[in-house]
Amino acid sequence: MSVLVTGGAGFIGTHTAVVLHESGRDVVLLDDLSNSSNEAVNAVRSLTSPDLPFVEADAADQAAVGRAIVEYDVDEVIHFAAYKSVSESVEKPLAYYSNNVGSTIGVVQAMIDHGVSRLVFSSSCTVYGEPDEVPVTETSPTRAVNPYGATKLVCEQLLADIAAVSALDVMLLRYFNPVGAHPSGDIGEDPSGVPTNLVPFLMQVAVGRLDRLNVFGDDYNTPDGSAIRDYIHVMDLADGHVAALDALTANTGCVAVNLGTGKGYSVLEVVAAATEVIGAPIPTEVVGRRAGDVEQIWADPTYAAEILGWRATRSLNEMLADHWRWQQQHPTGHKDSN
Ligand code: UD1
């Protein structure tokens, strides 16, 4: 029996694959490499097993997913494969709906065809939009504020609808802001082009690839005026996926769970912590707010602790130190020869 990880060459997929392997599961990676690389797959193999299976395929290709299920005797699936840039989703909504919803349909159809019933789905705190109050619980209102968020909400709804009338059991994991890297520095976030997320951008400034960090707004209604997010170590997130698979054997239906720490940090607090971890100043400039950003959001992690027996344990400094190690060892990502 094994677990199929779609998007297995991506940021969260690679880290989760390593932790799944450590938990004793047989892991199969599936990825079309559209936003990742063979080097990422090889890095996972060097941290797990040189024989770890990798299927190069689009998760929307139901037949290819089905073949992988049969060939590797798959009995659980974690579906990460998706486009994830908010700004790109605004420019290319059709591509986002087509890819994100299409791949979810492809994966679920293949699962149903082959009698696989346990699915963990990669969702996002973006489904809460601008929250009415913080922290957000799983029963807080959901709303889409951009096409990327809309695709996550559509996928959540379609999975709930299918679970209601089939044997499918689903955990919808709503991630807050994943950062950090494996402590070895061998795998990490490897954005193509200029990063849009805070920590990857900040790290590329620190390593000298970018000139300075723009802080998007210091006039929010927060203590220091910059926006607040719940940053979570990608290794904590990976642990959360193992806990979710374990919990799926006891839970039936479709359940949404927040994966966050329960603590928010402002952009300026992250910059200050990174300056300390890196040991050098990070050139920054305060500029206007970024369109579509919410003011503040962090998770109520209570339900995750109850249903998964899981809590995030790693600190902001640990996230930044691990991210920095990865960035130093691989200044230009997985393709770097260092
Ligand atoms: C974004 C998406 C979220 C998605 C997540 C992962 C939005 C509204 N949300 O989260 O749906 O799941 O990415 O891809 O886009 N910041 C700067 N300077 C920068 C970059 C970011 O000040 O160069 C600030 C942002 O304004 C924000 C915070 O840092 O306040 C975090 O930004 P980011 O890392 O992009 O994540 P989110 O926007 O929270």
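**A tour from cavity to core**

By class, 5 nonpolar, 4 polar and 1 charged residues line the largest cavity. Keep in mind that this model is predicted.

**Stop 1: the cavity**

Select His-79, Phe-80, Ala-81, Ala-82, Asn-100, Ser-103, Thr-104, Phe-121, Lys-152 and Cys-155 to see this lining. How many cavities of 30 Å³ or more does a search of the whole structure find? It finds 1.

Now colour two helices, α5 (93–113) and α6 (147–165). Each supplies at least two residues of the lining. Which element gives the most? That is α5, with 3 residues.

**Stop 2: the largest nonpolar core**

Move on to the largest nonpolar core, which has 43 residues. Select Leu-29, Met-171 and Leu-308, the members that touch the most other members.

Nonpolar side chains tend to be buried together in soluble globular proteins.

**Stop 3: around Leu-29**

Centre the view on Leu-29. Leaving aside residues up to four places away in sequence, Leu-29 touches Val-5, Gly-8, Ala-17, Val-41, Val-44, Leu-52, Pro-53, Phe-54 and Val-55.

**Stop 4: a second core**

Finish with Leu-4, Ala-57, Ile-69 and Met-111. These are included in a second, separate core of 29 residues.

Technical notes
Residues are numbered from 1 along each chain as its sequence is written. This is a predicted model: local features need pLDDT of at least 70, side-chain atom pairs count only at pLDDT 80 or more; totals for chains, interfaces and linings use all residues. Side-chain values use heavy atoms; hydrogens and water are left out. A nonpolar core is a set of buried Ala, Val, Leu, Ile, Met, Phe, Trp, Tyr and Cys residues joined through side-chain atoms within 4.5 Å. Buried means under 20% relative accessible area, exposed over 50%, partly exposed in between (1.4 Å probe, protein chains only). Contact means heavy atoms within 4.5 Å. On a 1 Å grid over the protein atoms alone, a cavity is a set of points where a 1.4 Å probe fits but cannot get out, and a pocket is an open set with protein on both sides within 12 Å along at least five of seven lines; lining residues have an atom within 4 Å of a point. Grid points are joined across faces, edges and corners, and a volume is the space filled by probe spheres set on the points. Helices (H or I, at least four residues) and strands (E, at least two) are DSSP runs, numbered from the N terminus. Ala, Val, Leu, Ile, Met, Phe, Trp, Tyr, Cys and Pro count as nonpolar, Asp, Glu, Lys and Arg as charged, and the others, Gly among them, as polar.
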